Amino acid sequence: MAKIDTRCVHAGYHPGRGESRQIPIVQSTTFKYETSDQMGRLFDLEDSGYFYTRLQNPTSDAVAARIADLEGGVGAVLTSSGQAANMFAVLNICRAGDHIVSANNIYGGTFNLFGVTLKSLGIDVTFVSHEATEAELDAAFRPETKLLFGETISNPGVEVLDIELFAKVAHRHGVPLVVDNTFATPVLCRPFEWGADIVTHSTTKYMDGHGVSVGGALVDSGNFPWTRYAEKFPGLTTPDASYHGLTYTERFGKAAFITKAVTHLMRDMGSTQSPQNAFYINLGLQTLHLRIRRHSESALQVARWLEKHPAVAWVHYSGLPGDRFHALQQKYLPEGCCGVMAFGLKGGRAFDNRFLDALKLITIETHVADCYTCVLHPASHTHRQLSDEQLRAAGVAPDLIRLSIGLEDPQDIIQDLSDALDAAR
Ligand SMILES: *Cc1c(COP(=O)(O)O)cnc(C)c1O
């Protein structure tokens, strides 16, 4: 198999003679057939083919195939956002009365999705520490638990997940491990190689990389043995009445999970990625390997500089040799650990705000992981309704500043930080 840099450019799309060199935008809601029987067979899933862009579209499929290839999976589907990808990962196997176990340091949006919205639909969640021991993880499982969830590099805490340990525990309980691999991207870490079964992405971040389109992806390794635990996963292993009694694991084998996500969830919930947005993500994917390494190198330089600055209280970046997660970074992300870091200043809340206001090149944004260097102070912005105590319980230090290093020259980024720290004094 070709190396990952080559696959970023080519995987999933191989045009024939006279065909479009770049993945074309197929801006069409529907597709034409010649006979009634041809169309009927599509609806019975007897034949594969395009019929309506809510379910499948050639542009989105080519981009999904590229992401599946990069992750080493059997298939993928693009979703309208990262939130939709995580929702689909759960709803594809869970129903009311089921339960999931999740690391507690996950992205705030996913934390709410699991803790509030899915709970209100009857799917219960137990949050566990991402640093839980095997015994602590075991204790969170129940007979009705259907999956374990974590993030390769957590947002905003930038902590590295022990994927192999989480996979071992999930498999001991006969359930898949779902990993949100947004910050790492498959260039830096491929969770399937460490035992994860399902991967999700917010493609809005590094995959797009230019801040142009919101999107997500759900990827299936094809490795989870659904039929071995058939009684836990009836949606995959028993007949689906909405497709004339078809059973996904019988008909689609290793691709059962991802096929159900498309033919069932996408059909019914319609969190579709537009072909235009899929096209933009593809442009990002074709330089992902170059960008993510540069983001990581620049971030390490900036983190090293911050660590030595007298106004800086602490820096969390797993690439730093003294970081709490450095050993896990060395194991899972040896080529780099992305452009996002977290740090705290010594001067208190007023100093923090003077510093943020004094930044010139670096902008204040509720976004991360694209070509622009940006900062966010969760206690003043995304989490401003919480008290310091509530912040700590949510795993966000009150003084935490999240810094996402873009593709500018790292010396210019450091200069801007330096000037702003001086101005804040
Ligand atoms: C941004 C993000 C999401 C949500 O993705 P959207 O595309 O904004 O819906 C989920 N997980 C992680 C780790 C994220 O950073």
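Start with the open sheet: 5 strands in the order β8-β9-β12-β11-β10, with mixed pairing. Strands here are DSSP runs of E with at least two residues, helices are runs of H or I with at least four, and both are numbered from the N terminus. Two strands pair if DSSP finds at least two bridges between them. Before you go on, note that this is a predicted model, where local features need pLDDT of at least 70, side-chain atom pairs count only at pLDDT 80 or more, and totals for chains, interfaces and linings use all residues. Residues are numbered from 1 along each chain as its sequence is written, and side-chain values use heavy atoms, leaving out hydrogens and water.

**Stop 1**

Now pick β11 (residues 374–376) and β12 (residues 401–404), which run antiparallel and are joined by 3 bridges. Show valine 375 and you will find leucine 403 of β12 opposite.

**Stop 1: the salt bridges**

Side chains of opposite charge can pair when their charged atoms come close. The structure holds 19 salt bridges, each a side-chain nitrogen of Lys or Arg within 4 Å of a carboxyl oxygen of Asp or Glu.

Select aspartate 69 and arginine 7, whose side chains meet at 2.7 Å, N to O. Aspartate 69 sits in helix α3 (residues 58–71) and arginine 7 in helix α1 (residues 4–10), 62 residues apart. Are they buried or exposed? Aspartate 69 is partly exposed at 24% relative accessibility, while arginine 7 is buried at 11%. Buried means under 20% relative accessible area, exposed over 50%, and partly exposed in between (1.4 Å probe, protein chains only).

Move on to arginine 251 and glutamate 46, a salt bridge of 4.0 Å, N to O. Arginine 251 is in helix α10 (residues 248–252) and glutamate 46 in the loop between α2 (36–43) and α3, so the pair ties together parts 205 residues apart in sequence.

Then show aspartate 98 and lysine 146, which meet at 2.8 Å, N to O. Both are buried.

Finish with Lys119, Asp124, Arg142 and Glu144, linked in a network of salt bridges.
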